[in-house]
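Dear colleague,

I am handing over the structure we spoke about, and you will find it just below. My notes on what was found follow after it.

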Amino acid sequence: MNEPFWSRVERRAEEISAKLASPAIDSQERHLLQKEMSFLSTLIGTYTERERLAREQALLTEQSEADPELKELYEEELAEVSRALARQDQQLDSLLFPGDP
């Protein structure tokens with residue numbers, strides 16, 4: 001079964017959360033899991049915001065085409081959302097494909 005990437009990321013975060021709730025975990029493993037969880041939380045949050053912006057971009061595009069009187073207003077807002085979306089995409093790329101240290 002080929003599970004989608006983001007589903008695997010979310011499932012891994014859930015697994016880590018469950019492990020961190022266990023009192024039987026040693027301090028070294030806890031530290032490693034907390035570090036991984038911090039990264040996954042950032043990754044999931046960035047992806048979630050990127051998806052929200054993509055939906056907003058699609059809606060604004062649709063609205064600008066449907067209402068010629070407000071097209072200019074929608075296009076200004078669309079430009080802002082498009083820039084924010086590009087920033088999220090860049091941040092995701094940086095998280096997923098970090099440069100060489």
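To begin with the surface, the chain exposes about 7,400 Å², of which carbon and sulfur atoms supply 52%. Please keep in mind while reading that this is a predicted model.

As for charge, the chain carries 12 positive and 22 negative side chains, and the centres of these two sets lie 8 Å apart.

The fold consists of 3 helices and 0 strands, so that the order of elements from the N terminus on reads α-α-α. In overall dimensions, the C-alpha atoms fill a box of roughly 65 × 30 × 25 Å along the principal axes, and the radius of gyration is 19 Å, whereas a compact globule of 101 residues would have one near 13 Å. Buried residues account for 22% of the 101 residues. Among the contacts between residues at least 6 apart in sequence, 58% join residues that are at least 24 apart.

Helix 3 covers residues 71–96, which is 26 residues, and from its first C-alpha to its last it reaches 36 Å, close to the 38 Å expected at 1.5 Å a residue. Which residues are buried in helix 3? They are Tyr-74, Leu-78, Val-81, Ala-84, Leu-85, Gln-88, Leu-92 and Leu-95, and what covers the buried residues of helix 3 includes both helix 1 (5–20) and helix 2 (27–66).

Definitions and conventions
Residues are numbered from 1 along each chain as its sequence is written. This is a predicted model: local features need pLDDT of at least 70, side-chain atom pairs count only at pLDDT 80 or more; totals for chains, interfaces and linings use all residues. Side-chain values use heavy atoms; hydrogens and water are left out. Helices (H or I, at least four residues) and strands (E, at least two) are DSSP runs, numbered from the N terminus. The expected span of a helix is 1.5 Å times one less than its number of residues. Buried means under 20% relative accessible area, exposed over 50%, partly exposed in between (1.4 Å probe, protein chains only). Contact means heavy atoms within 4.5 Å. The radius of gyration is taken over C-alpha atoms; the globule rule is 2.2 Å times the number of residues to the power 0.38. Accessible areas come from the Shrake-Rupley method with a 1.4 Å probe; for residues, only the protein chains shown count as cover. Lys and Arg count as positive and Asp and Glu as negative; His and the chain ends are not counted. The place of a charge is taken as NZ of Lys, CZ of Arg, CG of Asp or CD of Glu.
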